[in-house]
Amino acid sequence: MLGAVFGDVVGSVYEFHNIKTKEFPLFGEGCFFTDDTVMTVAVAEALLDYTPGEPRERLQARLVRLMREYGRRYPDAGYGGRFSEWLRRPEMGAYHSLGNGSAMRVAPVAYVATSPEEATALATATAEVTHDHPEGIKGAVATAGTVYLAANGASKAEILAFLRRYYPMTRTVDEIRPTYAFNETCEATVPEAMQAFLESTSFEDAIRTGISLGGDSDTLCAICGSVAEAYYGMTEGEQQQALSYLDAPLTQVTERFLEKYPRCGRRP
């Protein structure tokens, strides 16, 4: 999950100031964690108490409670309009969103799941509390499944075959980059993030490639970074860079998750 944090922080200053190059300061002036990190850590905390076979409703109730607690704790993290409303209104249920928020927060699922089927079930559960549109669920499931495969030794060819169950994956990075623009949907963020990973040569190169596409840079790179972390692993320095941007409460939960699921950040 630190790959998601890393990508979110790097992308934070480019979300509304896209650049179309891989040459830039990795942690530019003014970088910060956004709602992508906040909600990823909320999902991680909800999963810390997960036990296999736990009723979906119990997990979702815990997740909803924690997401709203985190929303109150970090009110200025950059939430979308409908999600902000959902955070404020306890009576509000899922709102049929197809936004990329379901995919940007799902990475912890891949380390808790013990099978592809469980990854799908957990990803669906975490998405549908807010993003219950089929595209919102699909984005979360595709992302969690890809991270799960990468963390368990799958090749890029195997990962691509999996992704094609959900998205065409027919465009290269060079074909995407010229016309790609800001888009908050899963359908126009997840495939692009995955293509950036597929064409990368290292964890850092995946982040740089993701930024170079433009678009919703922090979310795209949170997704891309979560897969790149699982596939390449992260160096101690890269992990510490990501952690250095978090405050004490976020760091504490993140470190608890990493201790319980030590595969996180380490290629098998």
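The largest pocket is lined by 31 residues, and Asp35, Gly78, Tyr79, Gly80 and Glu184 lie nearest its centre. The model is predicted: local features need pLDDT of at least 70, side-chain atom pairs count only at pLDDT 80 or more, and totals for chains, interfaces and linings use all residues. Residues are numbered from 1 along each chain as its sequence is written, and side-chain values use heavy atoms, with hydrogens and water left out.

A pocket is an open set of points on a 1 Å grid over the protein atoms alone, where a 1.4 Å probe fits, with protein on both sides within 12 Å along at least five of seven lines; lining residues have an atom within 4 Å of a point. Two or more lining residues of the largest pocket come from each of α2 (35–48), α4 (81–88), α5 (101–104) and α13 (217–232). Helices are DSSP runs (H or I, at least four residues), numbered from the N terminus.

The second largest pocket has Lys138, Tyr166, Tyr167 and Arg171 among its lining residues. Helix α11 (residues 190–198) gives the most to this lining, with three residues.

The table gives volumes (the space filled by probe spheres set on the points, which are joined across faces, edges and corners).

| Pocket | Volume |
|---|---|
| Largest pocket | about 510 Å³ |
| Second largest pocket | about 150 Å³ |

Elsewhere, two helices meet. In α1, Leu2, Val5 and Phe6 contact (heavy atoms within 4.5 Å) Glu238, Gln239, Gln241, Ala242 and Leu243 in α14.
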